[in-house]
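Subject: Structure for you to look at

Hello,

Here is the structure I promised to pass on. Please open it first, then read my notes below.

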There are 2 protein chains.
Amino acid sequence: MSGVVPTVLVNGKVVNCVPSTDRGLLYGDGIFETIAVRAGRLCFWERHVQRLLAGCERLGIEPVDVAQLAQECQLLVPHAQQAVIKIILTRGSGGRGYHAPEPLHPTRIIQLHDWPGWPADCAEAGIYTRVCRTRLGHNASLAGIKHLNRLEQVLARREWTDPATREGLMLDTAGNVVEGTMSNVFLVKDARLVTPDLTLCGVAGIMRARVLELAKQHSIATHTQPVALDTLWQADEVFVCNSLIGIWPVIGIDTQAFPRGPVTMRLQALLADEPMSVQMDNPV
Amino acid sequence: MSGVVPTVLVNGKVVNCVPSTDRGLLYGDGIFETIAVRAGRLCFWERHVQRLLAGCERLGIEPVDVAQLAQECQLLVPHAQQAVIKIILTRGSGGRGYHAPEPLHPTRIIQLHDWPGWPADCAEAGIYTRVCRTRLGHNASLAGIKHLNRLEQVLARREWTDPATREGLMLDTAGNVVEGTMSNVFLVKDARLVTPDLTLCGVAGIMRARVLELAKQHSIATHTQPVALDTLWQADEVFVCNSLIGIWPVIGIDTQAFPRGPVTMRLQALLADEPMSVQMDNPV
């Protein structure tokens, strides 16, 4: 594997090919992780691996061999460069209909992607967002994990084409605010940090967990609770976050303006100040 | 393409390989059809195509070229044999994150499968079923179409391993009966035929539509409505149906027995009596 660095590995092989009988394709029967690569290192590796393993357990997929996964990721990671590693883990190929034979060996896909072409100033200037019409259905058995059933997000993302709108906020079928199409959402009200409860739907993001921890460590009151749309409109500050963007202040939702406020800026600063040992775990 | 009949075509090519960047794999961003093949012909072809086109429209996927699809299916269909053709249509390969570039050419996968090894007497003897714990979430924007986000069905099917249990019945998050993991469900009460409303979740099956039509044509009163679990327990007869099994009487749900009743048997007979021209559409 010398010479050109591969950009895709499927079950350890340099081939961009998954059989059409893979259950990931047939049913979205799997999970994924999107990991920021900086200076040749996989950020928050341990957290991504823990969520991947939690997803395996929830779906009853054979747990991934973490050492092997780490080794394969390292083969793809370029040095001294910002990039994205995407890991997709499916239940595997086989079975008739929904019933999967056991044991079934998961399909392990690792992709290297260029860093997304977002404007550099989103973190400082903030972003415009909208409230999507497409709703998130409730299903406690799937909530929290980053599974491959993402049609709700795909449909929500199709609702706008204006490049100035950087993210869409999604409500659940009860009308509560849950998350962005590709991010988690936080709001600040009277200096308290509030983020939607994800018991019934939504993805429990790695950066969401890190932001909650940082807030607690620095005595910012945090509340994880159902968030009515009205609560969002009355917020003092709003921001979205994920593993790639970090924290982006929300300065507009539909026609309503929001400031880039002090709590958001403090959390951005805390995140930027994290020691390399926390942000830059090296898996191997 | 002489010699051995292929069993998989991907975009018309005899290759069982889908790129790992296909949105069907990444997000379950697509739809599928499972079609019974009898005597070399694709049963209910027109209905399957109509549902496929409806799915394309709902998800905003470029409509499939029906003539091309029919031609490719014919390449795979063996003669004088019972088999299954599965068509999978994804939005295609490409795009960063949930946002898909336009235009994007759908990925067209056609698979030939053996006829499932169900016991021959299910239609006469009836089957045992259970009520699954896994619920169906509500989402009107996805309800009815046969999309690739099927983790709910996968998890429900994992709830039992006893081969004597042929199907699991699924409730929605409100506790109403919606469908089987791989079938639609009907019940008979006081000679009226009742099937769950699928406005909020569930797949609108081809055989479900045909059964409703047959009932109406033969003056059996039909009702499509929300069905509480209690209504199921009080039913005189219960049956499940899909394109492959036709109608299977349900003779047990968990510990409660049900008879193979007269309305179920009448509908089975009507279905068996259908003229070849209705059941055996030839696509080309």
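Over the ring of which residue does the charged end of A:Arg157 sit? The ring belongs to A:Trp160, and the charged end lies 4.1 Å from its centre. Bear in mind that this is a predicted model.

Next, the aromatic pairs. The count over all chains is six. Two of them are described here.

Take A:Trp118 and A:Trp248. Their ring centres are 5.3 Å apart and their planes stand at 85 degrees, so this pair is edge-to-face; the cut-off for that class is over 60 degrees. A:Trp118 sits in the loop between β5 (107-114) and α4 (122-125) of chain A. A:Trp248 belongs to strand β14 (residues 246-253) of chain A. The pair therefore ties together parts that are 130 residues apart in sequence. Both A:Trp118 and A:Trp248 are buried.

Now B:Phe186 and B:Phe239. This aromatic pair is stacked, with 4.9 Å from centre to centre and 10 degrees between the planes. It also links distant parts of its chain. B:Phe186 is in strand β9 (residues 184-189) of chain B, B:Phe239 is in strand β13 (residues 237-242) of chain B, and 53 residues separate them. B:Phe186 is buried, as is B:Phe239.

On to a sheet in chain B. It is open, has five strands and runs in the order β1-β5-β4-β2-β3 (chain B), with antiparallel pairing. Which strands stand at the edges? They are β1 (8-10) and β3 (41-42) of chain B. Each has a single partner strand, so one side of each is left without a neighbour in the sheet. For β3(B), strand β2 (residues 30-38) of chain B pairs with it in the antiparallel sense, over two bridges. There, B:Arg41 in β3(B) has B:Arg38 opposite.

Helix α3 (residues 66-76) of chain B lies across β1, β3, β4 (83-90) and β5 (107-114) of chain B. Its direction is at about 30 degrees to β5(B).

Last, the two chains. Chain A superposes on chain B by a rotation of 180 degrees, with 0.0 Å of shift along the axis and an RMSD of 0.0 Å. That is how a two-fold axis relates copies. Which C-alpha of chain A is nearest the axis? It is that of A:Leu25, 2.0 Å away. Both copies use the same surface: 100% of the contact residues of chain A recur in chain B.

Best wishes

Technical notes:
Residues are numbered from 1 along each chain as its sequence is written. Chains are lettered from A and ligands numbered from 1 in the order in which they are written. This is a predicted model: local features need pLDDT of at least 70, side-chain atom pairs count only at pLDDT 80 or more; totals for chains, interfaces and linings use all residues. Side-chain values use heavy atoms; hydrogens and water are left out. Two strands pair if DSSP finds at least two bridges between them. Helices (H or I, at least four residues) and strands (E, at least two) are DSSP runs, numbered from the N terminus. Contact means heavy atoms within 4.5 Å. Axes are lines fitted to C-alpha atoms, for helices over the stretch in contact, and angles run from 0 to 180 degrees between N-to-C directions. Rings of Phe, Tyr and Trp (its six-membered ring) pair if their centres lie within 6.5 Å; planes under 30 degrees apart count as stacked, over 60 as edge-to-face and the rest as tilted. Buried means under 20% relative accessible area, exposed over 50%, partly exposed in between (1.4 Å probe, protein chains only). A charge sits over a ring if NZ of Lys or CZ of Arg is within 6 Å of the ring centre and within 35 degrees of the ring normal. Copies are superposed by least squares on the C-alpha atoms of residues with pLDDT of at least 70 in both.
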